[in-house]
Protein chains: 2
Amino acid sequence: MFSKSRVECPILRKKIMSADEAVSFLQDRHTVGMSGFTGAGYPKSIPAALVKKAKALKELGKEFRINLWTGASTAPELDGVLAEVDGINMRLPYQSDPVCRQQINEGSMDYVDMHLSEVSQYAWSGFLGKLDVAVIEVAGIHADGRIIPSSSVGNNKTWVEQADLVILEVNDQQSIKLEGMHDIYYGTALPPHRKPILINTPADRIGEQYLDIPLEKIVAVVETSAPDRNSAFALPDEISTQIADNIIDFFAHEIKQGRLPKELLPLQSGVGNIPNAVLSGLEKGGYKNLTAYTEVIQDGMLHMLKSGTLSVASATAFSLSPTALDDLNENIDFYREKIILRQQDISNHPEIVRRLGIIAMNGLIEADIYGNVNSTHIMGSRIMNGIGGSGDFARNGSLSIFMTPSTAKNGAISAIVPMASHVDHTEHDVKVIVTEQGLADLRGLSPRQRAKVIIEKCAHPMYKDRLTDYYERACASKRGMHTPHILNEALSWHESYETTGKM
Amino acid sequence: MFSKSRVECPILRKKIMSADEAVSFLQDRHTVGMSGFTGAGYPKSIPAALVKKAKALKELGKEFRINLWTGASTAPELDGVLAEVDGINMRLPYQSDPVCRQQINEGSMDYVDMHLSEVSQYAWSGFLGKLDVAVIEVAGIHADGRIIPSSSVGNNKTWVEQADLVILEVNDQQSIKLEGMHDIYYGTALPPHRKPILINTPADRIGEQYLDIPLEKIVAVVETSAPDRNSAFALPDEISTQIADNIIDFFAHEIKQGRLPKELLPLQSGVGNIPNAVLSGLEKGGYKNLTAYTEVIQDGMLHMLKSGTLSVASATAFSLSPTALDDLNENIDFYREKIILRQQDISNHPEIVRRLGIIAMNGLIEADIYGNVNSTHIMGSRIMNGIGGSGDFARNGSLSIFMTPSTAKNGAISAIVPMASHVDHTEHDVKVIVTEQGLADLRGLSPRQRAKVIIEKCAHPMYKDRLTDYYERACASKRGMHTPHILNEALSWHESYETTGKM
């Protein structure tokens, strides 16, 4: 099976064509839903063909720009190359590409930064306009038309349902043994027809292994052979390790107080150095039978599944280093029993996040002394990446932890500021802030109590006195003691950075 | 039945005492969970007795201050009188009392402003510390110990479960015919033991009619006879009516576009003049068989239930004018079939809010041109009331609408500002903003697109040019075109108000 081609379905075999031919279905100003989540499972050939098409049209004096919807971030080979030819008009719901970022911040690309759990219902209900074409990477197509998803699920189910036309990329560099790892849930509905989603533990399967696409919608099948964007795994540095240690200590304390079970609660963790350090800390800490209900499976989680630290990991995508990918492929029969890939409206679903009582661990750009968190904007105006799923997990989970080094740019920026220049997670949602300096447990504290703890535990020593000074003068101003601020100074640290290069 | 006393249970009859005797169970620095939600169902006698006790102790040079937890706001007879004797050390999760507000803003009372759906799980899990005593108003106690809840449920189930001791107030001015209207759900659990909550429509009942309290926990029963704080119902003014009309037009448009069913989706609506005007608009608009899944049942909803505009209303409390209360009591057999009172962790539960696809309609203090909403703070520092349930509904519902007159203080304050001085609802959560000037539909728009729509549709004409000017100069500064801001001007409108009395 799948000995020669990954396209075994006779009807779809007839639709095999080159990417250059397939892009004839894509027109200027089309809204296109592409697969891809955190660099996994994005289409590998169509974007390059679109770039060729856009360049050719440009030479004829014609524009070619699409509205691009995905699961989350993709890769330079998708977001990057399309942005370089000014090929993206509007982008949602998340990006982390340097070229996109530049265009958004220069004002040539519109970006709608959405909670990842909300995208599918918004697309479905028509709030976002019409979806013209879906371009989806898959791992293979059975003779009877059953479609094996690729290394991410993301919004693929929604895109193929909502789009007029579907183009499939069948990538033979995705392990064919991913088959059986996915859980595509077909019980979603728009209100008032919604029913409970019966996931009670991260291990519960409630859907199908295959992506169901009406064959008549599929207008092109493109065969590809290219790996996902897999970046090498950086070993945790000293600061990440210290942040992780602070979190691990906190977990131990909470278990001792009887406020967390010894297997903790299902973990959600953002992608990157610090989350990987936390995972590695949990492994060293002797934890067993933890579970993860998260967006992305990173290197650290594979280790933990192997060692038994983690018994199951539910996510919507992989984000692996080349070494970890080799490990996954070599041991895929083992991992298939312990990994479930779901669509992102289920991996991030408020209902499930609340029921499971998820421990949400996400990064931040800055937090203010009262516990408001900015996850998206540099100095209040320039987008970094986007909110992603952090809001889905932080609002509805049982514990929302935000993690950051206490400074950035070699100390020129303090992660703790008088007033956040943008707020993505409000004072009502932020339960714990942790830096390499320490951990601030904000539960049950009033704003002024929070300010003292955040400055004391989280701020870098070189910014502590100035933060305390701001706080004390804000209190002394007697303008309002619930959340004391000095209005004409609240954003002065950011202003100073913009003009002098340091806060 | 209940011919003489509302306390029919012989064991509890023996515990009947005066409020002055009962407060002997309450000590300085106790944490006390009291009933009460939006002026309904709060204890009527114990607070006054506490005030007496506090005054007496003060004369002896002793402090008497409690940490006060409730469902939401209560009444001057609870929050107000206790605050007046400096009797509240810490307050959560919501208040709207003038004396409390003053003390919070002067810094003598700590206030923890929480999402109302989160309180019970936080109390239960021990995150907020120990609960010493629960003081709960009820409508009656059957011979076998079954307890009939009063005009609000709020956090009562949690308080009686978590507190060491329980004091009951049995109020014979609450209709005894409330019996059967409540739905107290005993299936909640802490994670990892949570199961789906099987509410699929606002009409679904999943619990018990009675509050279950271990009799041995009840140390005192106080008989009272006093009405809830019921304020007269103000007829909608011109501005409220115009805001309501804008929303009703929007609903009609959405139905026409096929994006909302003709029965809409379950409505949540804040309390006050504007929500009442919206309800009245829906009634005039000829809607039938709407449903409400909300926190509070106001006058307007009783009318709607009678006329068939509304088929069912689920809430956690009443908030009625004296006239409406008479109507409720006179026709309670009719209303009991159509009204369900639930605990607030169910009325506001993220799982249910998402499943039902609630249309959330809440007020705001200010919104900025990019769609960030401040619901709680005056000029960034002074608390008004609190976030209440607005975050529960706005984040997880299918449509979050925020409503406000375009100006306050006779035009001295613009509700639309360059940058919100505090953020309770982020740009990711605010889908519609409406003033008497018009309605801004922000779905699928980038921040700059939102700015144009909000200024055009929502701002008052006298502030429009200045907002446009700020926006255009922020864009021209080229400091970042995703969310253009001028840092040293972003809060200058608030500063101006503080120094000159107008923006």
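This is a predicted model: local features need pLDDT of at least 70, side-chain atom pairs count only at pLDDT 80 or more; totals for chains, interfaces and linings use all residues.

**The interface of chain A and chain B**

Modeller: Across the interface of chain A and chain B, 8 salt bridges are found. Side chains of opposite charge can pair when their charged atoms come close. One such pair joins B:Arg448 to A:Asp110, with 3.8 Å from N to O. This pair counts as a salt bridge because the limit for the nitrogen and the carboxyl oxygen is 4 Å.

Polar contacts can be counted as well: 49 residue pairs are in polar contact between chain A and chain B, both residues of a pair being at pLDDT 80 or more. On the side of chain A that touches chain B, the elements giving two or more residues include helix 5 (98-106), strand 4 (110-111), helix 14 (350-356), helix 15 (390-396) and helix 16 (447-458) of chain A. Helix 14 of chain A gives the largest share of that side, 5 residues. By residue type, the side of chain A that touches chain B divides into 29 nonpolar, 32 polar and 23 charged residues.

The extent of the interface can be stated in residues and in area. Chain A brings 84 residues to the contact and chain B brings 83. Between them the two chains bury about 7200 Å², of which 50% is on carbon and sulfur atoms. Within chain A, the residues that lose the most area to chain B are A:Arg354, A:Arg395 and A:His428, and together they make up 11% of what that side buries.

In an unreviewed entry, UniProt places the feature "domain: Acetyl-CoA hydrolase/transferase C-terminal" at residues 327-470 of chain A. This span is 34% helix and 24% strand, and its end C-alpha atoms lie 51 Å apart. UniProt, again in an unreviewed entry, lists A:Ile365, A:Asn385, A:Gly389 and A:Lys409 under "binding site". These residues are spread over 45 residues of sequence and are also spread in space, with up to 25.8 Å between C-alpha atoms.

Two of the listed residues lie in loops. A:Ile365 is in the loop between strand 16 (359-363) and strand 17 (366-368) of chain A, and its relative accessible area of 25% makes it partly exposed. Beyond its neighbours within four places in sequence, A:Ile365 is in contact with residues including A:Asn374, A:His377, A:Met384 and A:Ala415. A:Lys409 is in the loop between strand 22 (407-408) and strand 23 (413-414) of chain A, and is exposed, at a relative accessible area of 57%.

Salt bridges are also found within the chains. In chain A, a network of salt bridges links A:Glu254, A:Arg259, A:Asp441 and A:Arg443. In chain B, B:Arg443 and B:Asp441 meet in a salt bridge at 2.8 Å, N to O. B:Arg443 is buried, with a relative accessible area of 7%, whereas B:Asp441 is partly exposed at 26%.

A further pair in chain B shows how a helix can bring partners together. B:Arg473 and B:Asp469 form a salt bridge at 3.1 Å, N to O. They are separated by about one helical turn, because they are 4 residues apart in helix 17 (residues 461-476) of chain B. B:Arg473 is partly exposed at 34%, and B:Asp469 is partly exposed at 36%.

Note on methods. Residues are numbered from 1 along each chain as its sequence is written. Chains are lettered from A and ligands numbered from 1 in the order in which they are written. Side-chain values use heavy atoms; hydrogens and water are left out. Contact means heavy atoms within 4.5 Å. Buried area is the accessible area (1.4 Å probe) that two parts lose on being put together, summed over both. A salt bridge is a side-chain nitrogen of Lys or Arg within 4 Å of a carboxyl oxygen of Asp or Glu. A polar contact is a pair of N or O atoms within 3.5 Å; within protein, one must be able to donate a hydrogen and the other to accept it, and residues adjacent in sequence count only if both atoms are side-chain atoms. Ala, Val, Leu, Ile, Met, Phe, Trp, Tyr, Cys and Pro count as nonpolar, Asp, Glu, Lys and Arg as charged, and the others, Gly among them, as polar. UniProt positions are given in the numbering used here, feature names are shortened, and annotations may be inferred rather than shown by experiment. Buried means under 20% relative accessible area, exposed over 50%, partly exposed in between (1.4 Å probe, protein chains only).
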